[in-house]
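Have a look at the sequence and the model below. Then we'll go through a few spots together.

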Amino acid sequence: MRISYSAFDTYQNCPLKYKFQNIDRIKTPKSKEAVFGSTVHDTMKFIHTPSILSPTLDQAMEHFSLAWNPAVFDSPDEERAAFSQGVRIIQDYYQKNNPANFNIVDLESRFQIEIGNKENQHVISGIIDRIDKTEDGYEIIDYKTTKKMPSQDKVDSDMQLSVYLQAFLSRYPKEIDNIGNLKVSLYYLKHGVKLSATRTVEQLKKSEQLFLEAIQLIEQGKFEANMNPLCDWCGYQNICPMWKHKFKETRKIDTEEVNAAIDEYIELKSAISITKDRLGEIQEKVLQYMDQEGVERVFGSQGIIARSVRKTYKYDEKKIREILEPLDKWESVLKVDGIALKQIMEILPYNAKIEIEKAKAVDKESKSIAVKKK
Ligand code: SF4
């Protein structure tokens, strides 16, 4: 199968969105974020297009202004804010980078690489924003206009950078011997920060394997909806089962009572969270007062607040093991701590995360409800 890196990325975020976009081929208007990103990318290309004299900041600004499309924004205020942000990005970029100092090899470089073997061969395509020649090797750069910046750990295992490096190596195969000097970077333009890493041959092999596994899932028709932070900007909300209620023209039960219950639930939940915050603040004050007075119980007009010491214990694992193993009970106290596992997932390499996902199975199922306020 042929798949672009961006389609793969969409599948990773939400398989259902991938299906709508790439299989059902349902077109959606380009979001304002995407239009903003394209204009900034286009300006970056203009700045670095090799010429005798590199464009000045004013020329880059002019290019940005001419490429700007105000029509995609909802209001003049929103449009003005986005334009100013674009201007700030370019100014900041010029402050930190002199375009004349880079040795550009290629810009918006299209690639197609084959992965897999004869029986299971696939083609990945994509566009690398920029390839530079550095003193001792090359640097592959991808510009980002997103607000959120990842941790260095994430950059170290980022799939996109691995695929781009593989594409670079298919064009310059001899560079494999110099892999330690091939830098892969994500330039977060809104922050003015470039995060860089390198890859090993093993990492590239592993990322190819993960790509093949995702392709296998696509070929098996696995297209479940996956709610994620990008849902709010998804153009398929009106046909997505996760947003069905919002867009349902006729609801089976649509009484005032149900609608009022939904609104009251949201209101109460937010009141609870405000109360919790306030409770925390007051608790601090009361505890401080207890310390100052040297008492464990304080008396108010509404009742008594009492303090008690709650202890949590940790055990000497070696000793416990020595006691329980001969009794054949050691295994029964060993358990993977799901909460601790979730906490470290963030910083695990991508490959490890996928392996952990594969190792999990539903144990018990219960329903809970969460509130997201408008
Ligand atoms: S709204 Fe969210 S869950 Fe639904 S298709 Fe889009 S990304 Fe997927």
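Let's start with a term: a polar contact is a pair of N or O atoms within 3.5 Å; within protein, one must be able to donate a hydrogen and the other to accept it, and residues adjacent in sequence count only if both atoms are side-chain atoms. What you see is a predicted model, where local features need pLDDT of at least 70 and side-chain atom pairs count only at pLDDT 80 or more, while totals for chains, interfaces and linings use all residues. Residues are numbered from 1 along each chain as its sequence is written, and side-chain values use heavy atoms, with hydrogens and water left out.

**Helix α7**

- Helices (H or I, at least four residues) and strands (E, at least two) are DSSP runs, numbered from the N terminus.
- Buried means under 20% relative accessible area, exposed over 50%, and partly exposed in between (1.4 Å probe, protein chains only).
- Because 11 of the 13 residues of α7 are buried, this helix is largely enclosed by the rest of the structure.
- Among those buried residues are Met-159, Tyr-164 and Phe-168.
- The expected span of a helix is 1.5 Å times one less than its number of residues.

**Helix α10**

- The 38 residues of α10 (residues 256-293) should span 56 Å, and the end C-alpha atoms are 53 Å apart, which agrees.
- Just after α10 comes Gly-294, with a positive phi of about 70°.

**Two loop residues**

- Pro-55 sits in the loop between α3 (32-48) and α4 (57-67), and counts as buried at 9% relative accessibility.
- Contact means heavy atoms within 4.5 Å.
- Not counting residues up to four places away in sequence, Pro-55 touches Phe-46, Ile-47, Tyr-94 and Pro-99.
- Asn-97 is in the loop between α5 (76-96) and β2 (103-117), and its 10% relative accessibility makes it buried too.
- The side chains of Asn-97 and Tyr-187 are joined by a polar contact of 3.0 Å.

**Domains**

- The chain's domain assignment (bounds come from an automatic or database assignment) gives domain 1 (2-233), domain 2 (252-296) and domain 3 (312-359).
- Between the C-alpha centres of domain 2 and domain 3 there are 34 Å.
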